[in-house]
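Look at the model shown here, and then follow the text from one part to the next.

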Amino acid sequence: MFEAAAEALLILADPNRLLYLFFGVLVGFTVGFLPGIGGTAGMALLLPFIFGMDPYTAMALLIGVVAVNNTSDTFTSVLFGIPGSAASQATILDGHPLAQKGQAARALSASFMSSMMGGIIGALVLFLAIPIARPLVLSFRSPDLFMLTLFGLSMIGLMVGNKPVRGVLVGILGLLAGTVGGAAATPEYRFTFDWLYLYGGIPLSVAVAGFFAIPEIVTFISTKEKIARSGTLESGTLRGIGDAFRHWAVVLRSGALGAFMGIIPGLGGSVVEWFSYYITKALAKDKSQFGKGDIRGLIAPESTNNAKDGGSLIPTLLFNIPTNGSMAVLLGGLVILGVEAGPRMVTSELPLTLTIVWSLALANVIGTAMCFLMAKPISMLTTLNPNKFAPFLIVLICLGAYQANYHWGDLVILLVFGGISWLLKMIDWPRIPFIIGFVLSDGSERYLFLSISRYGWEWLSRPSVLIIGALIIAAIAAAIIMNRKGLVQSMEIKP
Amino acid sequence: MTQRNWSLVVSICLLLLLLATAWQAKDFEPLAAYFPVVVALLGAILAAINLLGDWSARNALAEPQDDAGFARSVQAGAVSFGGVILYVAGIILAGFFPASVVFLFLVLFLRTDFGLLWSTLLAIGSLVALYYFGNMMLIEFPVGLLEQAIRDAYFL
């Protein structure tokens with residue numbers, strides 16, 4: 001395992017891959033500090049460009065976006081009290097009061113440092129999980145894999161907050177969109193309307209870009225409102241770094257909590273962050289300053305939300321279960337690269353899995369360094385009119401979408417999906433389930449076909465199938481209970 | 001139209017779409033048909049449930065909605081989305097670079113405080129940078145119908 005890890009580090013050390021990792025971090029950093037775009041849309045923006053790349057380079061690029069997004073979203077949370085993403089809501093509670101006290105630089109640097117430590121803890125947990133999960137994953141057969149895809153689909157219920165029917169409905173649309181083109185079990189082309197372009201199916205990268213990037217940017221272009229009115233930053237950076245080290249126990253505990261809670265699908269960054277915040281507050285001797293600018297109230301959620309990514313990658317890579325929107329897009333990225341998540345990730349694709357672990361750790365370090373370097377200019381950028389950068393993003397998305405098939409159909413599909421998604425956004429319907437359904441469509445149909453053709457209906461009585469079936473029922477029951485109690489945070493991208 | 005009514009219209013369209021999908025899928029070979037038929041029928045049932053829920057919510061009118069605000073944001077979004085559609089149509093007709101220059105210039109000039117000179121310079125400058133970056137990364141740029149016709153005419 002350690003030899004494989006060293007080999008993976010060598011793979012990543014290629015200057016070309018490091019350059020792509022850096023570029024991914026740059027994109028993740030940018031979409032992080034612009035409220036409303038978020039990591040899912042950032043990854044959607046890059047997904048079309050991974051065609052033709054080797055999986056190591058492509059994953060370095062995508063992991064770069066995921067890893068740093070939760071670090072740079074701190075800028076607007078601390079400076080202006082605007083959550084950069086859903087996962088940075090708890091950060092505002094103590095981060096913004098610190099900025100109001102004239103300690104913005106201290107708050108930001110403590111937050112960046114604890115985010116980096118949290119991210120490394122998450123990568124470590126992912127690394128340690130591989131040998132533990134390996135024998136379990138390798139024992140899976142097609143019926144188990146089919147049940148796992150169903151489990152992934154059942155996660156939709158946990159992800160859509162108080163609109164489970166609409167969520168599942170949108171997920172079903174995704175499943176059906178995934179059936180366009182060649183059938184999994186027989187040489188027949190479905191829903192192609194005699195359009196040759198659709199014979200190869202709908203390109204995932206175009207669907208993702210249309211569904212997540214277009215509506216957000218259209219919303220940006222529709223308004224001239226600035227993200228923030230002013231961007232000022234005082235001194236205190238070293239004090240903030242010292243704070244993160246002085247409260248190492250908070251960082252360690254919150255990081256471990258984030259990594260383990262990240263494994264649980266559907267919880268979302270916001271829930272995990274608030275949970276970490278309240279645990280830190282509950283364990284603190286002096287609680288009087290929490291909510292008024294206690295540095296521990298900032299360090300805890302920030303270490304948690306970066307560590308969560310490492311945890312989220314475990315079910316995504318090893319069990320083909322995306323735990324949130326970004327993971328669904330990452331899974332889509334693997335599909336584009338011809339890599340199948342699941343048992344292969346711990347056998348033939350083990351170097352790739354370990355490269356992802358290294359990419360995650362390294363991206364956190366690079367992202368943190370970038371945050372420190374760019375703190376001052378970024379705080380000024382948030383005062384820009386969105387129309388000054390949004391049209392450039394539209395140009396990039398269209399160019400990216402065209403890379404799928406080099407066909408004008410790519411652009412038409414981009415518009416169709418963008419239009420549907422924009423409409424769903426306007427009427428407040430959940431959109432993430434569409435991509436989960438779309439990504440899992442092929443696998444669920446293929447594994448069901450293989451299960452029936454190999455085992456008849458006897459596959460339903462396999463113990464592993466029954467166990468996963470029980471887990472699915474438990475997940476649905478949990479979704480109902482959590483929805484009733486208002487514990488589930490919608491994963492929608494909301495400005 | 002209010003958000004609730006829009007939602008209702010979407011629910012009706014979805015129900016019809018899913019029923020049409022199931023109807024079309026039943027004509028596929030059995031091995032290709034079972035999955036889309038089952039999924040579409042399940043979706044149709046859920047769409048019907050959702051439609052009933054939307055209908056009762058519309059009649060109940062439990063909470064007041066900011067209809068004017070919603071209409072404004074839909075209108076603004078529709079105009080912006082229309083702009084994106086025109087841009088894509090421009091790419092298909094004229095090609096990536098001519099359409100992008102016009103699109104960038106118009107948005108920068110009309111929607112920001114950049115003047116004529118800065119909007120022109122930014123639009124052209126960014127596309128020149130993108131051209132070199134694209135060539136370096138072996139990115140294929142969309143060729144428009146008119147562009148293709150000119151290339152064919154002059155054997156480019």
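Which residue forms a salt bridge with Asp54(B)? The partner is Arg166(A), and the closest N and O atoms of the two are 2.6 Å apart. A salt bridge here is a side-chain nitrogen of Lys or Arg within 4 Å of a carboxyl oxygen of Asp or Glu.

This is a predicted model, in which local features need pLDDT of at least 70 and side-chain atom pairs count only at pLDDT 80 or more, while totals for chains, interfaces and linings use all residues. Residues are numbered from 1 along each chain as its sequence is written, chains are lettered from A and ligands numbered from 1 in the order in which they are written, and side-chain values use heavy atoms, with hydrogens and water left out.

Start with chain A. Chain A has 20 helices and two strands; helices (H or I, at least four residues) and strands (E, at least two) are DSSP runs, numbered from the N terminus. Of the 495 residues in chain A, 65% are buried. Buried means under 20% relative accessible area, exposed means over 50%, and partly exposed lies in between, with a 1.4 Å probe and protein chains only. Chain A exposes about 17200 Å², and carbon and sulfur atoms supply 67% of this area. Such accessible areas come from the Shrake-Rupley method with a 1.4 Å probe, and for residues only the protein chains shown count as cover. Among contacts in chain A between residues at least 6 apart in sequence, 81% join residues at least 24 apart, where contact means heavy atoms within 4.5 Å.

Now turn to the interface. In total, 61 residues of chain B are in contact with 56 residues of chain A. The size of an interface is often given as the accessible area lost when the parts come together. Between chain B and chain A the buried area is about 5100 Å², with 79% of it from carbon and sulfur atoms. Buried area is the accessible area (1.4 Å probe) that two parts lose on being put together, summed over both. Phe35(B), Phe81(B) and Arg111(B) supply 14% of the area that chain B buries against chain A, more than any other three residues.

How many residue pairs are in polar contact across the interface of chain B and chain A? The rule finds nine, with both residues of each pair at pLDDT 80 or more. A polar contact is a pair of N or O atoms within 3.5 Å; within protein, one must be able to donate a hydrogen and the other to accept it, and residues adjacent in sequence count only if both atoms are side-chain atoms. The elements of chain B that give two or more residues to the side touching chain A are helix H1 (3-25), helix H2 (30-60), helix H3 (67-94), helix H4 (96-111) and helix H5 (116-136). H3(B) gives the largest share of that side, 14 residues. By type, the residues of chain B that touch chain A divide into 43 nonpolar, 13 polar and five charged. Ala, Val, Leu, Ile, Met, Phe, Trp, Tyr, Cys and Pro count as nonpolar, Asp, Glu, Lys and Arg as charged, and the others, Gly among them, as polar.

The rule finds two salt bridges across this interface. Lys388(A) counts as buried because its relative accessibility is 18%, whereas Asp113(B) is exposed, with a relative accessible area of 64%.

Over all chains, a search of the whole structure finds twelve salt bridges. One of them joins Asp309(A) and Lys308(A), with the closest N and O atoms 3.6 Å apart, and both of these residues are buried. Another joins Arg446(A) to Asp442(A) at 3.3 Å between the closest N and O atoms. These two residues are separated by about one helical turn because they lie four residues apart in helix H19 (residues 432-455) of chain A. Arg446(A) is partly exposed, at 26% relative accessible area, and Asp442(A) is partly exposed, at 39%. Arg106(A), Asp243(A) and Arg246(A) are linked in a network of salt bridges.
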